[in-house]
Amino acid sequence: MREKRILNGDDIRRALTRIAHEVLERNRGSDGMVVLGIRSRGVDLAERLGALIRHVESAGSRVEVGALDISLYRDDLSRRPLRPEVGATRLPGNLSGRTVLLVDDVLFTGRTVRAALDAITDFGRPRSIQLAVLVDRGHRELPIRADYVGKNLPTSLAEEVVVRLTETDGADEVVLLTPEKVAQ
Amino acid sequence: MTAIRPGSPPGPALATGGFRHHDVLDLDDFALDEIELVFHTADGMKDVLGRDIKKAPALRGKSVVTLFYEASTRTRMSFELAGKALSADVLNLTASASSVTKGESLVDTVKTIEAMGVDVIVIRHSSSGAPYLAARVVEPAVINAGDGWHAHPTQALLDMYTIRERFGSLDGLKIAIVGDILHSRVARSNVWGLAKVGAAVTLCGPPTLLPSQWGGVTDTNGHQDGLPPPRITFDLEDALDGADVVMALRLQQERQEGGLLPSLGEYIARYQITPERLGWAKPGALLMHPGPVNEGVELSSDVVRGVQSVIDRQVASGLAVRMALLYLIAGGPQ
């Protein structure tokens, strides 16, 4: 595998800061907003986005952050040899009537987001759901698109996008892994 | 503003080979990491049970049959609700109301269930080993919901989960199991499970209702089948001394009729858990019972509803643990 770094720590910070501004601009503030990260790396990104939104909106933003586990909602359960691990969902109260900003690290087939939308529906009826991702690598299998994208990264199906975050991996970076055969 | 820490360390499933069982028959062949995985998964299930909409689609299109040859309320309801909370279709078959009364054998019954395309068969049977026989002859996953005097693995897992909920870990805890140990499948499965997670078990009861020794292959360290054997005592005060958990078992009336007990009164006088006797255990020790309780026999009424009783928590844990097991054995390709 050939490894190529796509984003470093500063790039990730800048991308998230830009997304925070875009979110505030589009929603005219952050009232009643819930930033909901998809386990596991989406949760770390949601924490950071929540903090950035609060920082930009210095006049007391009341944005809240939560974690969503989607393993029980996957549509590929019967195709995977290993059951996805079930984690806990942590929500800051009811989602009905609120704006949910769904956050994940990589947008790929769209199936994770589809599962997340189903999971959210079981917790109430948000006023709107928006999607923010750090990397959009293409190859959608469902009609889903992101509202906020840190980096658009055209990839081949043989490649792998790895997001590493300080919280879980000790450092911030996004790398693209390319099998040698494809790289040549 | 609420910032919620994700707290998502790499969980047990990814660190190891995941759940490796096709059937759940007893805990003797469960590895520690599999027990941890069941608990970890049950944490997620508890989360589902705490929602307004207590249902997730993980087992949509799967079917579960509960096949009970013995009476049960909580185990059967628990499996039924667990399956339904994961969107499986659950059918309940009661032996007394089925072709079993026409002489249909266990093998014929489970073969018929298999032919209908069922994914999981939950069996309770009065004969030890019946679920093992079923698991040998059919492809669907078999869960033992209690077989004779032999094993009741889901009860032991929910007991252990309840203890873990309070203490965080089971390692090093002292557990006293009191009552009719000899005929108890609950005690037997708990001894296996608790030894694997590092708890120290003491078995206590009248001599006629205790095994003289715990069966198993003893090695040079005195360990049996690689695990420390439980301590066995007739003296309740000795068993409860310093215990973190006191687990009482149901005393079945037929034991007295079978001549194993001189009288119920004598059992009560020596082995009933009362508030005073519970005081021999550590302050704040948990009082457990697999139910149904013979109030005034193995437990006095005031301890059943006392502050140390977690009997209702056991029932709630049972639901989460059984959801976890159903998910782990039926959630993927068979």
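This is a predicted model: local features need pLDDT of at least 70, side-chain atom pairs count only at pLDDT 80 or more; totals for chains, interfaces and linings use all residues.
**Notebook: cavities, cores and backbone**

**Entry 1, largest cavity.** I listed the residues around the largest cavity: B:Arg74, B:Thr75, B:Ser78, B:Gln155, B:Leu158, B:His289, B:Pro290, B:Ile311, B:Gln314, B:Val315, B:Gly318 and B:Arg322. Two or more of these residues come from each of α3 (74-85), α6 (153-167) and α13 of chain B. Which element gives the most to this lining? I found that α13(B) does, with five residues. By type, I sorted the lining of the largest cavity into four nonpolar, six polar and two charged residues. Domain 1 (15-152 + 316-330) and domain 2 (153-314) of chain B each supply at least three residues of this lining.

I then looked up the division itself: chain B is split into domain 1 (15-152 + 316-330) and domain 2 (153-314). Their C-alpha centres are 25 Å apart. In the contact between them I found 35 residues from domain 1 of chain B and 30 residues from domain 2 of chain B.

I put the space in the second largest pocket at about 580 Å³. It is lined by 25 residues, and those closest to its centre are B:Glu70, B:Arg124, B:Arg185, B:Arg250 and B:Gln252. Chain B elements α3, α7 (185-196) and α9 (253-257) each give at least two residues to the lining of this pocket. I divided that lining into six nonpolar, 11 polar and eight charged residues. Both domains of chain B take part here, with at least three residues from each of domain 1 and domain 2.

Which residues touch the most other members of the largest nonpolar core? In this core of 93 residues, I found them to be A:Leu72 and B:Ile177. Helix α13 (residues 311-330) of chain B gives the most to the core, with 11 residues. At least three core residues come from each of domain 1 and domain 2 of chain B. Another core, of 31 residues, lies apart from the largest one and includes A:Val23, A:Leu134, A:Val161 and A:Leu176.

Most peptide bonds are trans, and most residues other than glycine have a negative phi. I looked for exceptions.

- The bond from A:Arg39 to A:Ser40 is cis, with omega near 0°. A:Ser40 sits in the loop between β2 (33-38) and α2 (41-56) of chain A.
- B:Gly291 and B:Pro292 are also joined by a cis peptide bond, with omega about -10°. I placed B:Pro292 in the loop between β9 (286-288) and α12 (301-304) of chain B.
- A:Arg28 is not a glycine, yet its phi is positive, about 50°. I found A:Arg28 in the loop between α1 (9-27) and β2 of chain A.
- A:His139, again not a glycine, has a positive phi of about 65°. A:His139 lies in the loop between β5 (128-136) and β6 (148-152) of chain A.

A:His139 has 31%, so I counted it as partly exposed.

Note on methods. Residues are numbered from 1 along each chain as its sequence is written. Chains are lettered from A and ligands numbered from 1 in the order in which they are written. Side-chain values use heavy atoms; hydrogens and water are left out. A nonpolar core is a set of buried Ala, Val, Leu, Ile, Met, Phe, Trp, Tyr and Cys residues joined through side-chain atoms within 4.5 Å. Buried means under 20% relative accessible area, exposed over 50%, partly exposed in between (1.4 Å probe, protein chains only). Helices (H or I, at least four residues) and strands (E, at least two) are DSSP runs, numbered from the N terminus. Domain bounds come from an automatic or database domain assignment. On a 1 Å grid over the protein atoms alone, a cavity is a set of points where a 1.4 Å probe fits but cannot get out, and a pocket is an open set with protein on both sides within 12 Å along at least five of seven lines; lining residues have an atom within 4 Å of a point. Ala, Val, Leu, Ile, Met, Phe, Trp, Tyr, Cys and Pro count as nonpolar, Asp, Glu, Lys and Arg as charged, and the others, Gly among them, as polar. Grid points are joined across faces, edges and corners, and a volume is the space filled by probe spheres set on the points. Contact means heavy atoms within 4.5 Å.
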